[in-house]
Amino acid sequence: MSETVAIVGAGSIGVGFAVHFASHGYRVKMWDALPDAFERARNDMSARLELLISEGVVDSSVEEVFGRVSFHDILLDALSGAALVQECAPEQVGTKREIFQQIGAYSEKTAILASSSSAIVSSEFATVTPARSRVLIGHPGNPPYLIPVIEVVPSRYTDDAITQAAIDFYARSGLSPVLIREETEGFVFNRLQGALLREAYCLVRDGVISVDDLDEVVRRGLGRRWAFMGPFETSDLNTRGGIESHAQKMGPAYARMGQERGQNDPWTEDLVRAVSDQRRALLPLEKWDERVVWRDRQLIALRKLLG
């Protein structure tokens, strides 16, 4: 089967996927139920591509990229020949059930059926189709043509071979797939984002800080490190001795902060050891100093870039 992607839903996420896949050489076939969706999608794609081309992110012309994209009034036409069907409909269980009933019936028999759902797990809508073994979540960062991470979330119905095929397909296209091993509402991207937002709202509510000052803490503080490291690596490099030492020093304080918000999830010894073991497999302690220098160089480069 050719490297063709069918995008079901021509809203902002659908447009983002179309820009990504088409600019990476894939044939893209778009469908939407709304009659005015295609004109808006064309305009949005053109604007996104002009920006990406002007900044040197995409080395094709707008015309070349658009030459790989087609718009279809009939869903069956969009699904024909597609190795990946990327559903980008609104975040409503009923809507997704209706769509997957159709794409399960009319897609190619080996096609990956991926939903861009931000929080709804696929087991809530995959059961409507006998093709449930080909259904999973492919949740992108927004916009996917600039944020490469994509969460691949199989359900208990998903065939393992389909999960691996989805990971391989996304990786070939230039995305960075991560496997979410258990279905959980919001997956990981939005659970992390939600945790920070919940605390941010509480701090503003309690008069601790203003909205702009809180954003400043993130954009010039946490966000600087998180631009190239995750929270585990950040903590690992913050304390000599690594993340186990960090947990010993800061764990009780973080536990009190959680209890203040009604959350009782202490970092147990077993949990800390499991996290530490994974970090040490990635970075032996004898290379800790070297990695700290790497971190500082990244922060210097980012500081120069941001001015």
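User: What do buried, exposed and partly exposed mean here?
Analyst: In this predicted model, the classes rest on relative accessible area. Buried means under 20% and exposed means over 50%. A residue in between is called partly exposed.

User: Is Arg261 buried, exposed or partly exposed?
Analyst: The relative accessible area of Arg261 is 28%. Buried requires under 20% and exposed over 50%. Arg261 is therefore partly exposed.

User: Which helix holds the residue that meets Arg261 in a salt bridge of 2.9 Å?
Analyst: The side chain of Arg261 meets that of Glu199 at 2.9 Å, N to O. Arg261 lies in the loop between α10 and α11, 62 residues apart from Glu199. Glu199 belongs to helix α7.

User: Which residues are linked with Arg261 in a network of salt bridges?
Analyst: Arg261 also forms a salt bridge with Glu260, at 4.0 Å, N to O. Glu260 is exposed, with a relative accessible area of 60%. The network links Arg261 with Glu199, Arg205, Asp206 and Glu260.

User: Is Arg279 buried or exposed?
Analyst: Arg279 has its place in helix α11. Among its contacts are Phe232, Glu233 and Asp236. Because its relative accessibility is 9%, Arg279 counts as buried.

User: Which residue in β6 is the bridge partner of Ser115?
Analyst: Ser115 is in strand β5, where Leu113 and Ser115 point the other way from Ile112 and Ala114. Strands β5 and β6 pair in the parallel sense over 3 bridges. The partner of Ser115 in β6 is Ile137.

Key. Residues numbered from 1 in each chain as written. Predicted model: local features only at pLDDT ≥ 70, side-chain atom pairs only at ≥ 80, totals over all residues. Heavy atoms only, no water. Buried < 20%, exposed > 50% of the residue type's maximum accessible area, 1.4 Å probe, protein only. Helix = DSSP H or I, 4+ residues; strand = E, 2+ residues; numbered from the N terminus. Pairing = 2+ DSSP bridges. Contact = heavy atoms within 4.5 Å. Lists of a residue's contacts leave out its neighbours within four places in sequence.
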